[in-house]
Amino acid sequence: MAERTAISSKLKLTVSYQDHEGAQKKRQMTFAHLKPSAEPESITAAAAAIGTLQDDPITSIREVIENEITA
């Protein structure tokens with residue numbers, strides 16, 4: 001039987017901003033080595049803290065998990 005094992009996790013934040021011409025844009029920030037045991041509440045709190053350090057609002061919080069599949 002095949003098994004799935006989480007080998008890495010990243011926090012990906014999307015930020016919305018307006019460029020110098022007034023067009024709405026988005027950019028992403030990625031933070032590697034997120035603890036696999038991190039609770040969703042802790043992830044949200046960390047993203048909110050990061051958001052207070054910049055002018056542009058965070059519009060999306062995502063956790064990206066990479067798995068290894070073995071047979």
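Buried means under 20% relative accessible area, exposed means over 50%, and partly exposed lies in between, using a 1.4 Å probe and protein chains only. By that scale, Asp56 is partly exposed, at 23%. The model here is predicted, so local features need pLDDT of at least 70, side-chain atom pairs count only at pLDDT 80 or more, and totals for chains, interfaces and linings use all residues. Residues are numbered from 1 along each chain as its sequence is written, and side-chain values use heavy atoms, with hydrogens and water left out. Here is a quick tour, beginning with the sheet.

**The sheet**

- Three strands make up an open sheet in the order E2-E1-E3, with antiparallel pairing. Strands (E, at least two residues) and helices (H or I, at least four) are DSSP runs numbered from the N terminus, and two strands pair if DSSP finds at least two bridges between them.
- Strands E2 (24–31) and E3 (58–70) stand at the edges with a single partner strand each, so one side of each has no neighbour in the sheet.
- From one strand to the next, the twist averages 25°. Angles run from 0 to 180 degrees between N-to-C directions, with axes fitted as lines to C-alpha atoms, for helices over the stretch in contact.
- Strand E1 (residues 3–18) is joined to E2 by eight bridges; in this pairing, Lys12 stands opposite Thr30, and Tyr17 has Lys25 as its bridge partner.
- E1 and E2 form a hairpin with five residues between them, and Gly22 in the turn has a positive phi of about 90°.

**The helix and the core**

- Helix H1 (residues 40–51) lies across E1, E2 and E3, and runs at about 135° to E3.
- Seven residues form the largest nonpolar core: Leu11, Leu13, Val15, Met29, Leu34, Ile43 and Ala47. A nonpolar core is a set of buried Ala, Val, Leu, Ile, Met, Phe, Trp, Tyr and Cys residues joined through side-chain atoms within 4.5 Å.
- E1 and H1 each supply at least two residues of this core, and E1 gives the most, with three.
- Ala47 touches Leu13, Ile58 and Ile61, leaving out residues up to four places away in sequence. Contact means heavy atoms within 4.5 Å.

**The salt bridge**

- The structure holds one salt bridge, defined as a side-chain nitrogen of Lys or Arg within 4 Å of a carboxyl oxygen of Asp or Glu.
- Arg27 and Asp56 form this salt bridge, with their closest N and O atoms 3.5 Å apart.
- Because Arg27 lies in strand E2 and Asp56 in the loop between H1 and E3, the pair ties together parts that are 29 residues apart in sequence.
- Arg27 is partly exposed, with a relative accessibility of 32%.

**Ser16, a buried polar residue in a strand**

- Ser16 sits in strand E1 and is buried, at 11% relative accessible area.
- Setting aside neighbours within four places in sequence, Ser16 is in contact with Gln24, Lys25, Asp56, Pro57 and Thr59.
- The side chains of Ser16 and Gln24 make a polar contact at 2.6 Å. A polar contact is a pair of N or O atoms within 3.5 Å; within protein, one must be able to donate a hydrogen and the other to accept it, and residues adjacent in sequence count only if both atoms are side-chain atoms.
- Ser16 and Ala45 are 29 residues apart in sequence and 19 Å apart in space, C-alpha to C-alpha.

**His33 in the loop**

- His33 lies in the loop between E2 and H1, and is exposed, with a relative accessible area of 77%.
- The phi of His33 is near 65°, a positive value in a residue other than glycine.
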